[in-house]
Amino acid sequence: MEHFKHLPKVSYEGVKTRNPYAFRYYDENRMILGKTMKEHLPFAMAWWHNLGAGGRDMFGDETADKSFGALKKTMDGAKAKADAGFEFMEKLGVDYFCFHDLDLVPEAETLAETNDRLDEIAEYIELKMKETGKKCLWGTANLFNNPRFMNGAGSSNCPDIFCFAAAQIKKALDLTVRFGGRGYVFWGGREGYETLLNTDMKLELDNIAILMKLAVDYGRSIGFTGDFYIEPKPKEPMKHQYDFDAATAIGFLRAHKLDKDFKLNIEANHATLAGHTFNHELRVSAINGMLGSIDANQGDTLLGWDTDEFPFDIYETTLCLYEVLKAGGLTGGFNFDAKNRRPSNTPEDMFEGYILGMDSFALGLLKASQLIEDGRIENFIKERYSGWTSGIGAEIRSGNATLKAISDYAVSLGTPKDPGSGRQEHLERVLNDVLFGG
Ligand code: XUL
Ligand code: CO
């Protein structure tokens, strides 16, 4: 059954078009800095939002019908979802998908039965993948929905719950490998706490690391060669999430010797919730060699929660791609962890959300490549730190200067050199030149 019969295959028409079902900027074969746009931007569909989220919020039921003509919470419903998903990816030219285990099938009473259902849908999805050439970007396990995870999964106070989490991860890894996924994601879910009055923080953190180590060992044993990712987020659902931000997650991975197998999956809205910019989180990841993948969305500065909107802020997408290009690309891709607004409740809105997001990243890519070619920002930074390439600066950097020698040098200077203007407003204008100058 065709689910989006009335909607066309979306292609590039350029900026002058007024066709809502066309790309203005995403021209998949256009070459940018030696690679096609498609190669720079491995876009992925998030199974959960696109095929699952019906606009429910704390005050009201779903506004969008995502049943795709079948009964929800049945295996027929799961297959209808898969049909709709592959048709959607084909029409939008999105090559990858990301999934949680429980996005694919309704959870059964027992793990064994849920696993049977997963095997059944996996066979179905594999066929669709063969037919369409669509691929899996990453998989993960939903360890936050079931009430059993109310105190966390790896961080649960109860070993049995830890074991249920481990079992779900094992199965989700099996599926990820079966689908040839590039990565496997750990988003914290409920790995955090509400109050320290009832929490053994050290035990919880150690146990999360044990669970991750078990996942790495198992994954490698079944031939998973991709990256594991932590997806940092500071809060929501828990008041404090352990993977607060990129720096916290990197410290955790290093402390537990997981840094060789893990990179980070940076989500724009999680960055802003942590009080950082999106590009800050990308930069922290990149300079630590841990920039793996991106959950592409945007938040709302007026709202303090994870709104998961489709990205349209071109400053943000430009600065994102600027970081990605400078880091030499991603091992993962750009997963639209984004959903339509509650009142945008039609299949047309689903299409327009992805078109908006893909075009925003395509334009960001174009602008970021122009920023690099322009060179004024990079050159300014180079010049600003040039003192560190010779003289006392170089000596300090090479580790050859003692504190005493540095002190003697400082005393001999009398008055130090003025460090120079940071010229922020100038650089912001340069950014605007590249974004808006003809
Ligand atoms: C939650 C979130 C998740 C992860 C996957 O904020 O971003 O959907 O991306 O579990
Ligand atoms: Co996400």
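The model is predicted, so local features need pLDDT of at least 70, side-chain atom pairs count only at pLDDT 80 or more, and totals for chains, interfaces and linings use all residues. Residues are numbered from 1 along each chain as its sequence is written, chains are lettered from A and ligands numbered from 1 in the order in which they are written, and side-chain values use heavy atoms, with hydrogens and water left out.

**Overall fold**

The chain holds 16 helices and 14 strands. Both are DSSP runs numbered from the N terminus: helices are H or I with at least four residues, strands are E with at least two. For 438 residues a compact globule would have a radius of gyration near 22 Å; the chain has 24 Å, which agrees. That radius is taken over C-alpha atoms, and the globule rule is 2.2 Å times the number of residues to the power 0.38. Along the principal axes, the C-alpha atoms fill a box of roughly 80 × 60 × 45 Å.

**Ligand 1**

A residue is near a molecule if one of its heavy atoms lies within 4 Å of it. Around ligand 1 stand Trp 48, His 100, Trp 138, Trp 187, Glu 231, Lys 233, Glu 267, His 270, Asp 295, Asp 306 and Asp 337. By class, this shell has six charged, three nonpolar and two polar residues. Ala, Val, Leu, Ile, Met, Phe, Trp, Tyr, Cys and Pro count as nonpolar; Asp, Glu, Lys and Arg as charged; the others, Gly among them, as polar.

Polar contacts here are pairs of N or O atoms within 3.5 Å.

| Side chain | Distance to an oxygen atom of ligand 1 |
|---|---|
| Trp 48 | 3.3 Å |
| His 270 | 2.9 Å |
| Asp 337 | 2.7 Å |

On its own, ligand 1 has 290 Å² of accessible area, and the protein covers 93% of it. Areas come from the Shrake-Rupley method with a 1.4 Å probe.

**Cavities and a pocket**

The search runs on a 1 Å grid over the protein atoms alone: a cavity is a set of points where a 1.4 Å probe fits but cannot get out, a pocket is an open set with protein on both sides within 12 Å along at least five of seven lines, and lining residues have an atom within 4 Å of a point. Points are joined across faces, edges and corners, and a volume is the space filled by probe spheres set on them.

There are two cavities of 30 Å³ or more. Of its 18 lining residues, Leu 143, Phe 186, Trp 187, Gly 188 and Glu 191 are closest to the centre. Strand E8 (183–187) and helix H7 (201–221) each give two or more residues to this lining. E8 gives the most, with four. The lining has 13 nonpolar, three polar and two charged residues.

The second largest cavity has a volume of about 90 Å³. Its lining has six nonpolar, four polar and five charged residues.

The second largest pocket has a volume of about 620 Å³. Among its 19 lining residues, Arg 384, Gly 387, Lys 417, Asp 418 and Pro 419 lie nearest its centre.

**The E10–E11 loop**

Pro 237 lies between strand E10 (227–231) and strand E11 (240–241). The peptide bond from Glu 236 to Pro 237 is cis, with omega near 10 degrees. Glu 236 has a positive phi, near 75 degrees. Most residues other than glycine have a negative phi, and most peptide bonds are trans.

Notes: A polar contact is a pair of N or O atoms within 3.5 Å; within protein, one must be able to donate a hydrogen and the other to accept it, and residues adjacent in sequence count only if both atoms are side-chain atoms.
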